[in-house]
Structures are given as C-alpha cells and as structure tokens.
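The sequence and the model are shown first.

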Amino acid sequence: MMNLMRLFGGRTASAPVARERLQILLAHERGRNGASDLLETLRAEILGVVSKHIDLDPDKIVIRMERGKFVSMLEVDIEVPNSVQRSKLAAAS
Amino acid sequence: MAKVLVVTSGKGGVGKTTSTAALGAALAQMGQSVVVIDFDVGLRNLDLVMGAERRVVFDLINVVQGVAKLSQALIRDKRLENLWLLPASQTRDKDALTEEGIRRVITELKTKFDWILCDSPAGIERGATLAMRYADEAIIVTNPEVSSVRDSDRIIGMLDSKTVRAERGERVEKHLLITRYDSARAARGEMLSIDDVLEILATPLLGIVPESQDVLKASNVGSPVTLNNANSAPARAYMDAVRRLMGETVTMKVPVERKGLMDRLLRRRAA
C-alpha cells in the first residue's frame, strides 16, 4: 500500500542517494589513508626549501589536495611577507 | 583455543554494548565459557546492560595496575554460570590502561575461557585501539545509516593496520553485524538496504538485528535480550549470529515477516 502511495504520490527514495554519497566519499577517504602523511611531508619539505631564501611563518603554508574524477590538483598556498615585514623580522632576530 | 573478539563500530549509539551482552549471553547459552570486557573507561555501561551494576567491586584498571587479582574483578552472571563480566573503571584515568597491561589480562583470560568479548568504546582513540589491539576476530556493528557506515569503514581500516595480528602480517577476521534494521523502510527505499551496506563495506555479514522494542525492554531490566526474551526477533538474530561465529551454516534471513512479490519488485526498483 505504501509502495503504491509512493508511486502515485511521487515520493522519492532517499536510500539510493545515501548509497551514492557514501560510495563517492569512501572512495576518497580510503585513498587518503596514508596520503595525509604525504601532504605533511610535502609541507615540511617545501617550507625547508623556501625558508632558505625567504623568512616565512611556518603556519602560512597551506597545502591542499583536491581529487577530481580524472586528475587531482595539488594546491600550495604560501603567504610571503612583504619587504617591510621582512626587514622587521630580520631586525628582531 | 580461546578466541578474542572485539565488538566495535567507530560511531557511538549503534548497539555495541547491547550486542556484546547479547552475543556473550548467547554463546554462554550454547554452553561456551565466556567473558565480556568493558573497555569504555569513564563511561562504563556493560555492567548496567547485564544487570551487574551493583556487584562491581574491582575493575579492569585495578587488574591492570595490580591492585586486584583477575579473580577478584570478574563478576559471574547470576543467570548463566559460564558467563563472566570484567567491568570498566568509572574513574577517568584512561591512561591507566596500557598495552602491556591489557596483553597480560587477555593472556590470562585466554587460559580460562573459550571466548573473550571486548566491548569497545566509541571513537578511534586509545580505548578503541586498545580494545581491538589483541583481537583475533572483529564484529563491526553498523546501522544502515550514512554516518555509521562511514565510521565502520574507518574502523575496518584500523583493524587492518593497528592490531597485533595486522602488524604480524596476519588477518583479523571481520564480521559485519547490522543492527536497528527496518526492512519495511529499506523496502520503501528510505533506508540503506543490506545489499547496499555489504557492497559499500565489503565485509562478510554475521547477522541482521531488526529494530525492536525488545532491545530496550531488555536493557531496562538489565538482561541480555537473548535471555530476556529468547523468542523475540532480535534474540533470534543474535542466536543465529552466534551459531555462525561457531562455524555453523545458518541461512541469513531478515528476522521479520517475508515480503510479497509486489514489495520485492518495488524494492528492486528503489535500489
């Protein structure tokens, strides 16, 4: 009876949505097992390289990995202080 | 040969403690000697669900710290003489549980019992990792609901990497126990179906426990559901699960009335 009501009432089933959302999410999360360490390693090494030449606040390096269907994007966001702040930093140290 | 089983889930409130009590009692009802251990330090509840809350004197932490002997801390069930409980501490010093201490306790219990059931706390922190640490097999309790399935997936990953068996290159045998299942709602496409959950988690099914008022009734009076109402649907589901654990082949059925042809057709359409 409920099924007939659903058919005629146009109520949509939510379980298929749940299933699809989970499949997509878990495919990404399983891939990330261990990959979070990769990002941390990348962050530390990039920080090391850039710090040789520019004074950096270690907290101002942000690394993100965005997974797409065919390619993924590695986004590295480094905030470099301008020269005024840089000379201040140099003077303080 | 004693078997160490962890009952785990990641998410809280899915029925770990209820299931530990019911499975432990069911194993004991089948003549096995069983101890159930509560690993939820600070928030112990297995004693309450089993109706032994007023008999707790010593606990797991006391034994780990050497304050009490194992024999002093173990509580024998009043209804089943081969069912025992090792309660958790209600004090909050979680760090008192050490890996070495747990190893010693479990090694000693293995000489005395056929089955050691570890009731894991929710989460993925220390308590949960210690509860699974020495497990031979794991029962992952899952509700057919997105957050529970996601957390179960996470726990399955941990069972494959953070247990002693995994580190030795061996396998922790995993079983999925789906609880609070409502076949009517699943048939209408309002709840993830058993097939959905199995496909997503890719773990063998141990049993399907239907949503039932009998579960609450049993915990209200402090009696595992398999003892409190052995003929109820959840009790039968737990009994079947235990037979499968013991190696019997039991036909898997959703423990409610069979659906007609119309429902099955529509269920396929909804899935």
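Setting aside neighbours within four places in sequence, Asn62(B) makes contact with Val57(B), Val67(B) and Ala68(B). The model is a predicted one. Asn62(B) belongs to helix α3 of chain B, which spans residues 60–64. Its relative accessibility is 17%, so Asn62(B) counts as buried, the limit being under 20%.

Most residues other than glycine have a negative phi. Arg180(B), although not a glycine, has a positive phi of about 55 degrees. Ala202(B) is likewise not a glycine, and has a positive phi of about 45 degrees. The table sets out their surroundings.

| Residue | Phi | Location in chain B | Relative accessible area |
|---|---|---|---|
| Arg180(B) | about 55 degrees | strand β7 (residues 173–181) | 40% |
| Ala202(B) | about 45 degrees | loop between α10 (194–201) and β8 (205–210) | 65% |

Arg180(B), placed in strand β7, is partly exposed at a relative accessible area of 40%. Ala202(B) is found in the loop between α10 and β8, and with a relative accessible area of 65% it is exposed, because exposed means over 50%.

**The largest pocket**

The volume of the largest pocket is about 600 Å³. It is lined by 30 residues, of which Gly13(B), Val14(B), Gly15(B), Lys16(B) and Thr18(B) are the closest to its centre. Two or more lining residues come from each of the elements α1 (16–29), α2 (46–49), β7, β8 and α11 (213–220) of chain B. Sorted by class, the lining comprises 11 nonpolar, 12 polar and seven charged residues.

**Cavities**

Two cavities of 30 Å³ or more are present in the structure. The second largest cavity holds about 30 Å³ of space. Which residues line the second largest cavity? Its lining is formed by Thr18(B), Ala22(B), Val49(B), Val215(B), Ala218(B), Ser219(B), Ser223(B), Pro224(B) and Val225(B). Both α1 and α11 of chain B supply at least two residues of this lining, and α11(B) provides the largest share, three residues. By class, the lining of the second largest cavity has six nonpolar residues, three polar and no charged.

How values were computed
Residues are numbered from 1 along each chain as its sequence is written. Chains are lettered from A and ligands numbered from 1 in the order in which they are written. This is a predicted model: local features need pLDDT of at least 70, side-chain atom pairs count only at pLDDT 80 or more; totals for chains, interfaces and linings use all residues. Side-chain values use heavy atoms; hydrogens and water are left out. Helices (H or I, at least four residues) and strands (E, at least two) are DSSP runs, numbered from the N terminus. Buried means under 20% relative accessible area, exposed over 50%, partly exposed in between (1.4 Å probe, protein chains only). On a 1 Å grid over the protein atoms alone, a cavity is a set of points where a 1.4 Å probe fits but cannot get out, and a pocket is an open set with protein on both sides within 12 Å along at least five of seven lines; lining residues have an atom within 4 Å of a point. Grid points are joined across faces, edges and corners, and a volume is the space filled by probe spheres set on the points. Ala, Val, Leu, Ile, Met, Phe, Trp, Tyr, Cys and Pro count as nonpolar, Asp, Glu, Lys and Arg as charged, and the others, Gly among them, as polar. Contact means heavy atoms within 4.5 Å.
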